[in-house]
Amino acid sequence: MKRVDVIPEHLNKALEPWTGTTSRRDFLRTSGLFVLGFGGVGFVGPSVLGSGLGSYDVGPDSAAPYPHPDFRLLDSWLVVHEDGTATFYVGKTDGGQGTGTAFRQIMCDELDLAYESSTLVMGRTDMTVDQGGSGGSDAIERDAVAARRVAAEARRVLMEMGSERLGVATNELVVSEGVISVRRDASKTVTYGDLIGGRRFDVALTGDNVNATAGVASVKPVQDLKLVGQPIPRYDIPAKVDGSLEWAVDVRLPGMVHARNVKPPLAGARVVRIDESSIREIPGLLRVVHKGNYVAVVCEREEQAVQAATQLDVQWAPPRTAPFPSSEDLFSFLRDASPMSRTRTTGSRTVPLARVEGDPEQALAAASTIVEAEYDFPFQGHTAIGPAHGLADPSDGQMTIYTNDMKPYSLRTGVAEFLDMPPEQVRVIWMDGPQLYGRTAADDAGFEAAYLAKEIGRPVRVQWMRHEETAWDTKGPAFAFNLKGGLDADGDVVALDYRARVADYAHVGYNQPDTVLIAQLMGIRPNRPAPGGAPGPSEMYSIPNRREETLVVRFPLAFETPLRTGNLRDPNGPQTTFAGESFIDELAVAAGADPVEFRLRHLRKSDDDDAAFLRARSIAVIEAAAEAYGWEARLSPKPRGTGTILTGRGIAYAHRARTTVAEIAEVEVDRTTGRVWVKRIVCAHDCGLVINPDGLRSTIQGNLLHGISRTLYEEVQFDTEKVTSVDWRTHPTLRHADTPEHIDIVVVNGDPNPRRPDLPAYGAGEPSIKPLGAAVANAVFDATGVRFRRAPLRPERILAGLADADG
Amino acid sequence: MSEVTLKVNGETHTLDVDPTTPLLYVLRNDLGLRGPRFGCGLGQCGACTVLVDGTAVRSCTRSTSSVTGEITTLEGLAVNGELHPVQKAWIEEQVPQCGFCQNGQILTAKAMLDRNPNPTDAELRRGMNGVICRCMTYYRIHAAIRRAADSMASQDAPESGAEAGL
C-alpha cells in the first residue's frame, strides 16, 4: 500500500461514519464482480465538510486504479449503512438547480427511506456510474428514472430479506422510513440497517445502457410518492451561505503550483518568439510552457503567475487574412456569404437541408397578405461568474482532476486520450463551481491543468482570468434570419418560409481532445469540423405549407478562434424563437388578431398530437399564462402613450423537447433613455411531474432573468482582429436594478390524463429561456409600435428605432 | 516579500508576502479562506467582497498592505456559531443556485442594512447593483433582504410587544 496526499478531507472523511466493520473500498473490492476504484466516498453535505487535506491509501499498486463503476450492479448505485442511512451514487452534477436534492427525493421515495437518512455523491468518475454528467435538461427526465428503478429494486431486495428475517410473506409487511414491520403485529420490525448495513447487495441489474438500467421491481405510481412533489430545502445551500463549502477553486494540494495562460492577443496569431528573460526576475517562476501557440506560465504563487502572464514578452505574428468580420458587419456577412452546404448526406442519400411541407412557394403566391422580416441575433457568451479553472494532480503517474466541469466523464476520457494515458489512470472529481450553462471553458481549463501537471510533475492549478473567459469561452452562435409568411383572407397563416444563416461552422463538443482550445492552439485539428445548424423554432402551429432551412456560414478562421461556438443554455432556442415567435406576432398584427387568440387558433386547427401531448400541453400553457396575467384580448400595438414611460405586454410560447412554456412579459420603455425594463413576467410551465416545486421555481426564475439578460444586454463584440468583449462592461449582464418586480410562475399539468400513475417528468433546466426574448420584444412592440428585430434591445437601438418611426 | 499584518475574523495574522499582492489571493491562499472568490479581478462583479470595518470592499483590487482595518469574511459573519440574520434569510428564501457570487451578495446586503436598516425597493436595487449573479438569483435576493431587514428590526426593537398588549 502506498500513501499519497491527494484527496480533500471532506471527500475522504465521509468514509468515517461507516467504517466500523467494513469500508466502501473493501466492500466493492471483494465483491468478486467488480472493483470500484479506491479511496474515500464523498458525501455531499455540510455535516461532513472538512478543512485542509487528508491522506489515504490508494490500495495495492495498480496500473489501473480508477476503473469505471458498472451500472449493472446495484452496489454501484447505493449503499445502506449499518445505521440505516444510505448513500446514493449518481453520474450527474448539480450547477445549483437542486438536481442533487431532487435525486435524493426520488430515490428515498422508491426506497421508502427518510430524506434525512440519505446522502448523495455526484459526478466522481471512479465512484459514480457514468450518466454523462449534466446537460440537455435530462437529469430528472431521463437519468433520475434509472436511479428511481434502482432504488425500487433495492427496496424489493430489502423486503425479501425482511420477509426471510421476520418469517412473514412480503405482502404481509409494510415499510416506512427504512423500518420494515409486520402489518398485523407492529412489534415485529427490522430495519434496513439490520438487514444489510455495511454489506453488499450483490444484485445484478439489466439494461443495454445506463439509461435503461433496471431491476425486477416496478416503480411506484406517482400518487404513492411522498417526497416527490415536496419543496424540500436544498441540502447544498447552508454551506454556500456560511462559507464552509469547499469548491473546486478551493482545493489546495501539497506542492501545488499556479498556472496562467498567455492567450494570443489577435485571433489566429502565431508565436514567433518568447523572451523568457522578460519575466526572469519574478520570484517563484517555475516554467514557461510553450507548444505551438499554446503558452502558459507556472509559478509557485498565484499572484506571481498573474504577473508573469501579463509581463511575458511574446512576439506574435498576425494571420494573413482577417479571421472574421467585425460584429458591426456580422449580419450582412452572414447573409452575403456562400453557405457551406445546402445538402446533407445520410447514408448513400444526399438530401437538401431545407425541410419542406406542402407547397410554400405556391401558397405564398396565392396568399392574401405577405409579411417579410429579417431578424438578427448576435454571439453571446456563457460568461460564468467565476472564470474557468481546473486542478490536476499527477501523483504516482496517475491523473486526478478537480473541476466543476458539468461533464466529468468525457473530461476523463478526453484527457486520457489527449495525454495518451489509459482512462483507468485518470479520474475526475466534480465539485461545486460557478454555474456553466453548457460547453464552457471549464473543459479547456481541465485539459490545460492536466497537460501542465504532466509537464511540471506537480499538482497544477489553472485559473483563467476574466478577459480570457469573456473573450475566449465558447459562444452561442450568431444567427441571421429571413422570414416570410402568408395569410389567407381569413387571416390564417397558410405558408411560412424560414431561412436562417448561422455562424456555427466548427461547433465545439464537450471535452473533445481535438477541439479543446489547448489542442487547437497546439495545431491539433479534428478530421472534419462539426457544423451546427439548429432546426427552426419549436412550436406546434398548424401551418400547411412550410419551408425551413438553416445554412451554416464559416469565417476565414475556423479553429483556435475566440469565436468558437458551443452549446449555450437551450442551444439555439433563444435565437430561433426570438425570430420565430416575434414573427408570429407580426403575422397576428397583419391578421388583425389578438396575439393569444392567434396562437391558440393555429394550435387548435389540428388535433394531431404526439406521445408527449405537445399540442394539448401547448394550448394549456398559453391559456394558463393568459389567465394568470389577466390578458384581455385586443390588437397590438396599443395606442402609444404620451408620457416618458411607455408600457406594453407581449406573449411568446415554445416547447423544448417535451416541456411546454408560455410567457407573458410586461415592459416599461423609457422613451428618453431607451431603457427597457421587464416589470412583470408570467410563465406557465408544463414539465409534467414536478419533483421539487421550489427548486423548479428557483430554476425558472433564474432562467427567465437569464433570458431577459440575453434579450436586452448580452452581445459579444469584436473587430476584425479580436474579440473586444473582455469584461462585465463590454459583455454586460442583467443586474439587480433590472430585475422584474413580479415573476408569476404557473406550474401546469396539461396532460390529457393528469392523474395517470406514470406521469413522466420532463426537463426544466432550459425550456423557460426559449420564448422569453420574443415575449419581451413583442411587449416592446406593443408599447412603442416599433418592431425591434435585432437582439439585444439595447437602449441605443431602442432610441434609434423610435426616432426612425417618428421620422 | 515582507511582513504584513492582517486582522481577519477576529484573529491577527502576520504574513511574509509581497505587500502589493491583492488581498484576495492572501485571504484564499495564505489564510485558506473560501468565502471571498475570484470572479473578475477588476472590481466589477463583487465575488471577492470582504467587509473592512463593516464596509463592503473588493479584495481583488486592494493590495494587502493597504488594508489596515478589521476584515470580516463570509466565514466570520456568524456570531458564536449563530448565523447572521442575512444568512438565515438567505437559507429561508433558498436564494443560491450555484452560490459562487453569494459571498458578495450576502456581505454587500449586510453592509447595506447596517447603513440603512429599512431600504426602499429603489435603494435596495441601487445598493446591490454592483454585485453580479449569473444564475440571476436577484429576485430571491430581494426577498431575502426584505426578510432580513424585518428580522433585524424585530431583534433590535425593545421588547415592546407585551407591554403594548399586542
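In the predicted model, the domain assignment divides chain B into domain 1, residues 2-76, and domain 2, residues 85-156. The centres of domain 1 and domain 2 of chain B, taken over C-alpha atoms, are separated by 21 Å. Contact between the two involves 14 residues of domain 1 of chain B and 12 residues of domain 2 of chain B. On the side of domain 1 of chain B that touches domain 2 of chain B, the elements giving two or more residues are β3 (49-52) and β4 (55-58) of chain B. Strand β3(B) provides the largest share of that side, 3 residues. By residue class, the side of domain 1 of chain B that touches domain 2 of chain B comprises 7 nonpolar, 6 polar and 1 charged.

The loop between β3 and β4 of chain B holds B:Asp53. The phi angle of B:Asp53 is positive, about 50°, although the residue is not a glycine. B:Asp53 has 12 other C-beta atoms within 10 Å and is therefore exposed, the limit for that class being 12 or fewer.

Chain B as a whole contains 5 helices and 5 strands. Along the sequence these elements follow the pattern β-β-α-β-β-β-α-α-α-α. The C-alpha trace of chain B spans about 65 × 35 × 25 Å along its principal axes. Of the 166 residues in chain B, 52% are buried. Among contacts in chain B between residues at least 6 apart in sequence, those joining residues at least 24 apart make up 59%.

Chain A has 19 helices and 30 strands. Its radius of gyration is 28 Å, close to the 28 Å given by the globule rule for 807 residues, so chain A is as compact as a globular protein of that length. Buried residues account for 58% of the 807 residues of chain A. In chain A, 79% of the contacts between residues at least 6 apart in sequence join residues at least 24 apart.

One sheet of chain A is open and has 3 strands in the order β3-β4-β5, with mixed pairing. Strands β3 (78-80) and β5 (118-122) of chain A are at the edges; each has a single partner strand, so one side of each is left without a neighbour in the sheet. From one strand to the next, the twist averages 15°. Strand β4 (residues 86-90) of chain A pairs with β5(A) in the parallel sense, over 5 bridges. A:Phe88 is placed opposite A:Leu120 in β5(A). Helix α3 (residues 99-111) of chain A lies across β4 and β5 of chain A and runs at about 130° to β5(A).

Strand β30 (residues 742-747) of chain A includes A:Ile743. A:Ile743 is partly exposed, because 18 C-beta neighbours lie inside 10 Å, and a residue counts as buried only with 20 or more. Not counting residues up to four places away in sequence, A:Ile743 touches A:Ile681, A:Gln701 and A:Leu704, and also B:Tyr139 of chain B. A:Met399 is 344 residues from A:Ile743 in sequence, and their C-alpha atoms are 46 Å apart in space.

A cis peptide bond, with omega about 0°, joins A:Ser636 and A:Pro637. A:Pro637 is in the loop between α16 (614-629) and β27 (645-656) of chain A. Another cis peptide bond joins A:Ala791 and A:Pro792, with omega about -10°. The loop between α18 (772-784) and α19 (795-806) of chain A contains A:Pro792. A:Asp420, a residue other than glycine, has a positive phi near 55°. A:Asp420 is located in the loop between α10 (408-419) and β21 (426-430) of chain A. With 8 other C-beta atoms within 10 Å, A:Asp420 is exposed.

Terms used: Residues numbered from 1 in each chain as written. Chains lettered and ligands numbered in written order. Predicted model: local features only at pLDDT ≥ 70, side-chain atom pairs only at ≥ 80, totals over all residues. Pairing = 2+ DSSP bridges. Helix = DSSP H or I, 4+ residues; strand = E, 2+ residues; numbered from the N terminus. Axes fitted to C-alpha atoms, helices over the stretch in contact; angles between N-to-C directions. Contact = placed C-beta atoms within 7 Å. Rg over C-alpha atoms; globule rule 2.2 N^0.38 Å. Domains from an automatic or database assignment. Nonpolar A, V, L, I, M, F, W, Y, C, P; charged D, E, K, R; others polar.
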